[in-house]
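Notebook open, structure about to go up on the screen. I'll jot down what I look up as I go.

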Amino acid sequence: MKRERQLGIIYSAPMGLWLTIFFLIPISIIVIYSFLKKGLYGGVEWQFTLKAYQEMFNPAFLKVLWRTLWVSVVATAITLLLALPCGYAMARSRHQIFWLALIIVPFWTNSLIRIYAWIAILSSEGFINELLLSLGIIKESLSLIYNQQAVITVLVYINIPFAILPLFTTIDKFDFQLLEAARDLGATKRKAIFKVLLPSIRSGIITALIFTFIPIFGAYTTPLLVGGKDSYMIGNIIVDQVTKTRNWPLASAFSLIITLLSTLGVIWILVSGMQDKAKGVVK
Amino acid sequence: MLGGDGKRLKGFDVKVENVSRAFGDFKALDDVSIEIKRGEFFSLLGPSGCGKTTLLRIIAGFDNPDSGSVLLDGKNILHLPPEKRPVNTVFQSYALFPHLSTYENIAFPLRLKKIGEKELDAKVQEYLHLVQLEGHETKKPSMLSGGQRQRVAIARALINEPNVLLLDEPLSALDAKLRQNLLVELDHLHDQIGVTFIYVTHDQSEALSVSDRIAVMNHGKVLQIGEPFEIYENPATDFVARFIGETNLFPAVVRKCVPLHDYFLTTLYIEELESEILVTDYDNLPVGQHVSFTVRPEKMKITTDKPTHVSKDINLFRGIIEEPIYSGFQSKYYVLLDNGTIMKVIQQHANYMDEGPEIEWKEQVYVSWSAEDGYIVEVVDS
């Protein structure tokens, strides 16, 4: 036993080393920088101050923070609502490999290029507008891009595979006879899905939620490329603070806020999940 | 177990009329008609793929027949969705909800009806008691034993007070000994609650021991419907004879048919035995008719000495023991007859050392049976 435990430390050492170098140290640097004074041309001066955190309460920043939260919640909700039936259909399909391939193939293309493809689709001379114009459905180009909706659309597109995959794997393991049992016992189709299927695949839903919410919350390229003035997100502020305004402590403080909010969100999802699960037992 | 002498619930009669169902080229059900009486313990018996589960799924509402109708208490139910039928199912794998406790699994149908908490609790307690699962309320299905899971499934299926309970091989996932106990419990339960049971099984001994009547099915057709003893003692076809219990079955030709009292003493020629045998039958069969002849192994006698005074209607053959199988209460012998055919003979060991175990491998023996103990099973069209 004891020998095994010692071996365990050895086996997990590479992982520990990896996380220390590429996760703990950078996070520590960010924490430290956020409490330092900003250097004149970027960088920091080694002097403790809470100024970065005070600057965060600038109404303009708070507005962006609020918007980021809102866009993330809406985009995550849409992603999950689309991914659920999709994962269900895949799990029940006889051609699972085919559908999986369709979902994975886009990953072979750089996400930046895929976003540019969306520009080609949505822009005023883009695919959709050209099509609608040529069909005579509209007379003037619609403004489909450089606004909030475009950001949400593309965020959903980019992140939906990360929701479909965990949902698919849990639904695939689901015993569909349980749905028949629910119907047999008096549940309508809808009730069978809500009372039996969804609780049974809860772990998949939680994974999908975490996998989509966190990257969307920290999104940077999508709002930059297809968003307008009203679609600036925290990710964009951080980049601006690093490259343009050269306020590294403020950038660090924002990064820290993203990390903290995401972590809190994940903890909240997991804890509430466990509580609900416990409720199912107690009687 | 429960208060009151009367049956708790009301059973409906079930009428299956000319039901057919095909999956592509495969005919799962081929013009099946069955009438099940109210409150009956009715078994659908047959090998896998015979259509018994398809029929059950049609009655439950998970599948629709291509033609025919299913009547419950005289009313066609085929247009109703499963949740609207007064029928509940105990699934083969039980299909318990893994995310719910025993209590919540049993309460599930009541929660859907939005019954008051007090009434719900009283009812769940009553059914927990009925299946003797008190003390297991908070356990999840994964923490229950196979037998307990099965009981949860039964309680959950009964709490809606259905008029017909469908049981899809509910014992097949359990070990042999538990199966016997639960079978007896199931029989008691049926007597108590008075609901019509439709029991699907491929195990003939299960079906024989608990059913009021049995329908034997094969290749989507019902071959015979009858009480257990009828099915066993008077099988309608070769298949039924072979499927129910063990038997010796031979094709034969009628040589002679002589009236004797209220039946006919028939002489059959059996090519495999290279000899004629005697059998009694109620039909006057024409000479030259092709039939199947069967005799159950336990109806036969096996002796090491040649029987001294053999009456006229006894069929007697000599052979050697090819394979003796001793199993405590009985021995089964595969006897290689002089003409090269193997017959199965079963000897009960009712008395201590009742000649059985003394018969050994390769020993010469005589097997015999009375004309009354053989049957003409199926008249073969020729």
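**Chain B overall**

I started with the surface: chain B exposes about 17,500 Å², and carbon and sulfur atoms supply 50% of it. Accessible areas here come from the Shrake-Rupley method with a 1.4 Å probe, and for residues only the protein chains shown count as cover.

Ground rules, before I go further. This is a predicted model, where local features need pLDDT of at least 70 and side-chain atom pairs count only at pLDDT 80 or more, while totals for chains, interfaces and linings use all residues; side-chain values use heavy atoms, with hydrogens and water left out. Residues are numbered from 1 along each chain as its sequence is written, and chains are lettered from A and ligands numbered from 1 in the order in which they are written.

Next I checked burial: 52% of the 382 residues of chain B count as buried (under 20% relative accessible area; exposed is over 50%, partly exposed in between; 1.4 Å probe, protein chains only). For secondary structure I noted eight helices and 20 strands in chain B (DSSP runs numbered from the N terminus: helices are H or I, at least four residues, and strands are E, at least two).

**An open sheet in chain B**

I traced four strands of chain B in an open, antiparallel sheet, ordered β2-β1-β4-β5 (two strands pair if DSSP finds at least two bridges between them). At the edges I have β2 (26-36) and β5 (75-76) of chain B, each pairing on one side only. Strand β4 (residues 67-72) of chain B meets β5(B) over two bridges, in the antiparallel sense. B:Leu72 sits opposite B:Lys75 of β5(B).

**B:Gln224**

Is B:Gln224 buried or exposed? I put B:Gln224 down as buried, because its relative accessibility is 11%. B:Gln224 belongs to strand β10 (residues 221-226) of chain B. What does its side chain reach at 2.8 Å? That is the backbone nitrogen of B:Ala236. A polar atom of the B:Gln224 side chain also lies 3.0 Å from the backbone oxygen of B:Asn234. Leaving aside neighbours within four places in sequence, I listed contacts (heavy atoms within 4.5 Å) of B:Gln224, including B:Ile214, B:Val216, B:Ile231 and B:Val240.

**Over to chain A**

I looked up A:Phe22, which is found in helix α1 (residues 2-34) of chain A. A:Phe22 counts as exposed because its relative accessibility is 55%.

How values were computed
Polar contact = N/O pair within 3.5 Å; in protein donor to acceptor, adjacent residues only side chain to side chain.
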